[in-house]
Amino acid sequence: MRVLMTLLLAGGVALGSGQAVAASCESTELFGHMETLADNLRDITRAVRGNQLAEAAARMNVVHAAIEDALPLTPFSRRELSGEALEQAQADYRAALTETRELFEQLDDALQAEDRRQALAVLSNISDARRSGHREFKDSSCG
Ligand code: HEM
């Protein structure tokens, strides 16, 4: 009985923290938000390169929403952690994604200022953040 209660409680905590049970990395909620982020970032980059800054700015809301939705989730690669180790992993992931969110805020500012050169510089930093976020948190089975 105690074992059953523990399992139920653990399941409840996992669900409460937004952790959905996923069979593979490609089927996670986080993967879906990342794809939204990638699709829009591709269009934003194309627009900035073509000096269509208003068009790029119009896509930023979707990017911000995808990051907000991704923040409370847990990377698939950390799915087997529990307790303190899980909390630490979630904190590390959130810190990295929060830094990335700040870069997108810098991109907002550059687009508002119609500063194409600065927008390109920030896009390059976003690309680096993506690479290091994936190196640290993306499962090797993923994408
Ligand atoms: C900044 C731009 C980013 C873009 C455009 C992006 C895009 C993507 C894409 C397209 C995938 C699917 C797999 C693939 O094709 O590689 C993915 C997966 C993933 N990304 Fe990102 N990503 C970004 C930043 C980050 C950052 C900063 C982190 C970590 C803090 C992160 C964590 C992950 C994780 C953990 C997965 C695997 C999904 C899962 O574990 O459920 N990404 N990302």
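Biologist: In what order do the elements of the protein run from the N terminus on?

Modeller: The order is α-α-α-α-α-α. That is six helices and zero strands. Keep in mind that this is a predicted model.

Biologist: What share of the residues is buried?

Modeller: Buried residues make up 19% of the 143 in the protein.

Biologist: And contacts, how many join residues at least 24 apart?

Modeller: 65%, counted among contacts between residues at least 6 apart in sequence.

Biologist: Let's take H2. Which of its residues are buried?

Modeller: Leu30, Phe31, Met34, Leu37, Leu41, Ile44 and Val48. Their arc around the axis is only 145°, so they sit on the same side of H2.

Biologist: What do those buried residues pack against?

Modeller: Three helices: H3 (53-58), H4 (60-70) and H6 (116-137).

Biologist: Which exposed residues are on the face turned away from the buried side?

Modeller: Arg42 and Arg46.

Biologist: What span should H2 have, and how far apart are its end C-alpha atoms?

Modeller: H2 covers residues 29-49, which is 21 residues. At 1.5 Å a residue, the span should be 30 Å. The end C-alpha atoms are 30 Å apart, so the two agree.

Biologist: Which residue just after H2 takes a positive phi?

Modeller: Asn51, with phi of about 60°.

Biologist: Switching to the ligand. How many residues surround it, and which are the closest?

Modeller: 26 residues surround the ligand. The closest are Thr28, Met34, Phe76, Gly133 and Gly143. The elements giving two or more residues to that shell are H2, H5 (83-112) and H6.

Biologist: Which element gives the most?

Modeller: H2, with seven residues. Met34 is on both lists: buried in H2, and one of the closest residues to the ligand.

Biologist: How does the shell split by class?

Modeller: The shell has 16 nonpolar residues, six polar and four charged.

Biologist: New topic, Arg78. Where is its place?

Modeller: Arg78 lies in the loop between H4 and H5.

Biologist: Why does Arg78 count as partly exposed?

Modeller: Because Arg78 has 17 C-beta neighbours inside 10 Å. A residue needs 20 or more to be buried, and 12 or fewer to be exposed.

Biologist: What does Arg78 touch, leaving out residues up to four places away in sequence?

Modeller: Leu86 and Ala89.

Biologist: How far apart are Arg78 and Gln90 in space?

Modeller: 8.4 Å, C-alpha to C-alpha. In sequence, Arg78 and Gln90 are 12 residues apart.

Key
Residues numbered from 1 in each chain as written. Predicted model: local features only at pLDDT ≥ 70, side-chain atom pairs only at ≥ 80, totals over all residues. Helix = DSSP H or I, 4+ residues; strand = E, 2+ residues; numbered from the N terminus. Expected span 1.5 Å × (residues − 1). Arc of directions from axis to C-beta. Contact = placed C-beta atoms within 7 Å. Near = placed C-beta within 6 Å. Nonpolar A, V, L, I, M, F, W, Y, C, P; charged D, E, K, R; others polar.
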